Protein chains: 4
Amino acid sequence: MDRRTLLAATPVLAAAGTAAAQPAAPALVGRPMPKLEQPEPLPPDRRVGFAVVGLGKFALNQILPAMGECRKARLAAVVSGDPAKGARIAAQHGAPRHYTYENFDEVARDLAVQVVYVILPNVFHRPFTERALRAGKHVLCEKPLATTAADARAMIAAARSADRWLMTAYRAQYEGFNREAIRRARSGELGPLRLITSDHGRPVKPEDPADEWRIRQALSGGGSLHDVGVYAVNAMRYLSGEEPAEAFATIASDPADPRFREVEDRVAWQFRMPSGLLTQGSTSYSYRETKRLTVFGEKATLRMDPATDYDLRRMWLAPEGETETEILLPLRNQFAAMMDHMAESVLENRAPRTPGEEGLRDLLAIEAIHESARTGRWVRVPPV
Amino acid sequence: MDRRTLLAATPVLAAAGTAAAQPAAPALVGRPMPKLEQPEPLPPDRRVGFAVVGLGKFALNQILPAMGECRKARLAAVVSGDPAKGARIAAQHGAPRHYTYENFDEVARDLAVQVVYVILPNVFHRPFTERALRAGKHVLCEKPLATTAADARAMIAAARSADRWLMTAYRAQYEGFNREAIRRARSGELGPLRLITSDHGRPVKPEDPADEWRIRQALSGGGSLHDVGVYAVNAMRYLSGEEPAEAFATIASDPADPRFREVEDRVAWQFRMPSGLLTQGSTSYSYRETKRLTVFGEKATLRMDPATDYDLRRMWLAPEGETETEILLPLRNQFAAMMDHMAESVLENRAPRTPGEEGLRDLLAIEAIHESARTGRWVRVPPV
Amino acid sequence: MDRRTLLAATPVLAAAGTAAAQPAAPALVGRPMPKLEQPEPLPPDRRVGFAVVGLGKFALNQILPAMGECRKARLAAVVSGDPAKGARIAAQHGAPRHYTYENFDEVARDLAVQVVYVILPNVFHRPFTERALRAGKHVLCEKPLATTAADARAMIAAARSADRWLMTAYRAQYEGFNREAIRRARSGELGPLRLITSDHGRPVKPEDPADEWRIRQALSGGGSLHDVGVYAVNAMRYLSGEEPAEAFATIASDPADPRFREVEDRVAWQFRMPSGLLTQGSTSYSYRETKRLTVFGEKATLRMDPATDYDLRRMWLAPEGETETEILLPLRNQFAAMMDHMAESVLENRAPRTPGEEGLRDLLAIEAIHESARTGRWVRVPPV
Amino acid sequence: MDRRTLLAATPVLAAAGTAAAQPAAPALVGRPMPKLEQPEPLPPDRRVGFAVVGLGKFALNQILPAMGECRKARLAAVVSGDPAKGARIAAQHGAPRHYTYENFDEVARDLAVQVVYVILPNVFHRPFTERALRAGKHVLCEKPLATTAADARAMIAAARSADRWLMTAYRAQYEGFNREAIRRARSGELGPLRLITSDHGRPVKPEDPADEWRIRQALSGGGSLHDVGVYAVNAMRYLSGEEPAEAFATIASDPADPRFREVEDRVAWQFRMPSGLLTQGSTSYSYRETKRLTVFGEKATLRMDPATDYDLRRMWLAPEGETETEILLPLRNQFAAMMDHMAESVLENRAPRTPGEEGLRDLLAIEAIHESARTGRWVRVPPV
């Protein structure tokens, strides 16, 4: 009895249904597989196990909930400095194991863990990445990849030696609106690109424990540019597909503001791209939360605001001579997409789209920005 | 060593970190639990197990993915007419068991299943609800609760006899924007309510297998009003907190359109509410997808568009004498919130917010609308 | 020396210009007429002279300023009950003459006046229209054309007898966004029309002198429906190009609100159009200012909000299966366009697009709405 | 008989009105002067007479129509290279006289003309300003005030010698949204200002006669920066109330694009303001029409897009921690406001808000931008 038979038969059954509902049930047969909006998930026991290192605000509010939306990744362990907190979170999220920062190296013997996801203050990115690699695990590391380009190079070298994948956790490059922006910018749909602008900043609030470390140079490695400006630096590169040749920048911080004793507040910079494309960016720890970008092409302007928010993304296209139109796409979980990509790299043994080098390139550009601000001159951005 | 100690110690450690990163790691200790944006999840083995009956487009694209975002519910079984499809979906989503429509009654012996979620063509809502209740399970049933008010009454009675909860799957009442709209409408923030309007419709496409049954009266029990207009009927009630006293309506269908041989296309209706509040609604199977509502109060107008979309909700508030402002809230998964609510009802043994009676009330209003369209007069909406 | 010669010659001249600017001037010759965005104006002495009767808030803030934007109409006189006010306003706006309500009939001898524009409380529309016609003038009369359909018929008959044009001042039908909406709705671009909704209302404020008369039945002839609901009634007709066959309506007013002792507050109505098109409208004197409409076609939905504001109009098009897009048009002065249309009718001796009959049709529909609200039944809308 | 008497009396009169309308008229007496939204206009014969020099696209589509909306200025003459065109335009707009570029100096004897408004290709700004001053007239001159700062200084000196006012036609500074932005930025409502960004550009189209001269260095004095970038330079100054201390810039033009043989395409620049405020701007002749700006303060971000369009302005305010809200203001004619301001300067004998020095300051900044682009260094912006 196929679906057509079902439909032919049902009026009678349904009519009967009202009086005595049970007979209708046998007529209900399976239907063909519907079109799925997303790929089918892997059975849980075939998914790639992740250990999440660091259980702060970001991990608990974004990453662990996103695990439930993954199709190829699953939570295999959590790592916290507080064993009680680790135990509680592991239980709630169904992770079979939990570790502390001290006993973290034991993860080497945990076969359920294939990937270590490092979510710690910046200065700890390198040491925990190196410990994870020594334990034989692949590493997904939060941005910025390290506090210095030199550290990032060391991490890349370590991954190569360990024959493991190192991926920079650039969630925006796995997010649907940004993927669509990349497609439109690089396909020529916007015409030759003429200018990219991006402003990314937010008020840093040291009274919030999640921000306290950010204004300490020794922990963060830098201020707004390392923390949020890096989204703008990265976007200029991924939207254009080009690497900055030179950087020019100004840095300004209110000397009376105690937040900016160690790290910078505002940075305004330009990149010259090899094609002649210009970019202008800003970041700040003192202006209102801003996460926006614009790509100006000869044929159309594409605008995103917010471009890189956790919860919301909005995009508009303004073709030359026409009205600006909002482009609506489904808002999918970008963290899940990013972790699934890392899982695919492991499953298929291929380099992730945003490897360690992707994080290194942004740190090279960031260091050129800092040097230009010191010297008042254009500074060449060195290659990887 | 507490967090303050950590921060005092880190400059040294971080400086060392660049040269030799490993020593820094011991300084990284656990931090206090951050503020969570959502309640903590129950450990998986304490969550309430759901059996999902029917694996069509809606179940596969919305409900099963939403299970991963639940904090109190988990998938315990799937039920499909096609055993191979059932097995495949069960494996992908980690459900330990799968059933067919034929052997569904065996679920009675499946202790992992506490709730049966019925997602089938409307005419099958009653028989499967009754089978699930006989198997000793609680039931979450898709909207409309049944094809007729009489069937809905029978289902409510069956649940009462079985001492099990019956909940109508009105997702909008568990969705954040709609919760906020209810709060504002009922708290007096908008002033006395004067008018509620809502238009909900979409083009029905019988060539799509997911729509084929909708134009068959014997399967659907009705046209656009049963299917999408019910969102507007329900919203008028949940926004106002009132029950319609009388209904007036017109129905119009293009006689040349083969889609409308059995079911209606367009319905335009008014309700008179006991307080003097008026409402105006429309639904259609032939106009472009529309899911909007407006609440007009003396002090402010609140508008949602789309109000009840799967992926997107947008809301604006227009106070008297001021500019209309968009109200941004996080877009959370409404299906997960709904299933978690059912799970809470089971765990805490209390009636769900949208019990069977909630579905019955809409069917009584729908039947009054149909009668008014036939007679050209106001028709009283009977009480439950 | 043509434009090309100019451009060939200018580098030299301009270079000289910096040092000694005067020689450059001779090289600057006239250029061809550029493309004009609007028709060329008539010389002032060939424009049609208007006498504006009534110098209240609307006349002083909207109509007299709009005269400066007219291209075929000009202000020839003002008429006020207060001679000092009349003299002052006439001088400020360059009107050669001013009259009082008492000596208004002397306008018959004023050859500069060809059109009388009546802007008075509704009950005075008929008597002043008739006086103007007797004085041999054409008449532009504010909406609603009269307080009753009977009065409107009398005014139309009087104009016919006097062989003068009578035009209803339906500014929306001369406004660019509404013209574009009409074009799209009637051209088939939206597909067959399925539903039109429109809500037009605002809080009436009797403490404002401009509103005081509106809640007095003897002056206004009715409440929100006569005053603002008429925009929705008119829009349903001009968007569809159809005349309502039948009306159904409810009227509700808070009995405790002293504003609604003589006139109604809220009206919700439906029209059945001959083609099967449905419409739903509302008006109110107690909800926040609202001026919106939606046209639902099979292929696309067109939305305007606000549709009929003095200063702003916004329009969106939502094609089936695509994103809603805002349609941006220049915001032109709708009052000037309306008066220029009346001037054209006089200059070219042809009926205006919104003659007296256009106002009468809305009054017939309004009276059917009132009767339906009294009887609880569908009421036929009689033809002109 | 006052207004209250009228209202008491009217029910009877109105009732009579239906049967025999004429008697009602006597009861209609004058009402008190309503609140006006804008200042009362001067009688036409007391307004300040303008001669408009140059009848191109901008003059015919924007300036002459705007004259009808002026309250203190009126059109007294037009000046064109083509006497027939001049005569036709003068007649249509009611200007009593018209001149050619050759006989323009005769305007000295035209007592109806008090102000000469120069709307010519940039290189002619200085010579025509000087001729008008020699004829004893005040001058309103289009932007940029001149092609070079040296020319601007000469024009300012000439006005001072002639004891006449020279005003730069910076319409944005007379436009309501920009006035409101200035108020908010300078009042501290946004908190201390941290960054201002502005992008102003449009594709230049030499095949359009209105653009042909713009790509000729000898006529325009520069490319996109002189033409549209000047809006961004000016906005950074008027929003902050500060003068740039230093400028840094890059210029890029596609060498293969024939439009950019003489003038530049794209400019990206930074200003350092004395307070520590940073600004970033861009202009282009090759990206889609863009006219936007953002002011980032510590407490709120204010955004305008478009900021300086002829027809439309939109503005949003985003306070820290709150949703961005659109700020709606009436769209008033900015050209009329600007000309009325010049008229007030003449009537009240006081300097205009945007004198010649205002235009000079932007030219000094523009020249610093150009020098920085040549040298790759920060360049000091000299004072006036």
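Some ground rules. Residues are numbered from 1 along each chain as its sequence is written, and chains are lettered from A in the order in which they are written. In this predicted model, local features need pLDDT of at least 70, side-chain atom pairs count only at pLDDT 80 or more, and totals for chains, interfaces and linings use all residues.

Start with strand β4 of chain A, residues 115-118. Strands here are DSSP runs of E, at least two residues, and helices are runs of H or I, at least four, numbered from the N terminus. A:Val115 and A:Tyr117 point one way, A:Val116 and A:Val118 the other, and all are buried; that is, 20 or more other C-beta atoms, placed from the backbone, lie within 10 Å of the residue's own.

β4(A) pairs in the parallel sense with strand β1 of chain A, residues 48-53, over four bridges; pairing takes at least two DSSP bridges. Four bridges also join β4(A) to the parallel strand β5 of chain A, residues 138-141. A:Tyr117 stands opposite A:Val52 and also opposite A:Leu140.

Next, helix α11 of chain A, residues 356-375. Is α11(A) enclosed or open? Of its 20 residues, 15 are buried, so the rest of the structure largely encloses α11(A). A:Gly376 follows, with a positive phi near 70°.

Note on methods. A residue is buried if 20 or more other C-beta atoms lie within 10 Å of its own, exposed if 12 or fewer, and partly exposed in between; C-beta atoms are placed from the backbone. The expected span of a helix is 1.5 Å times one less than its number of residues.
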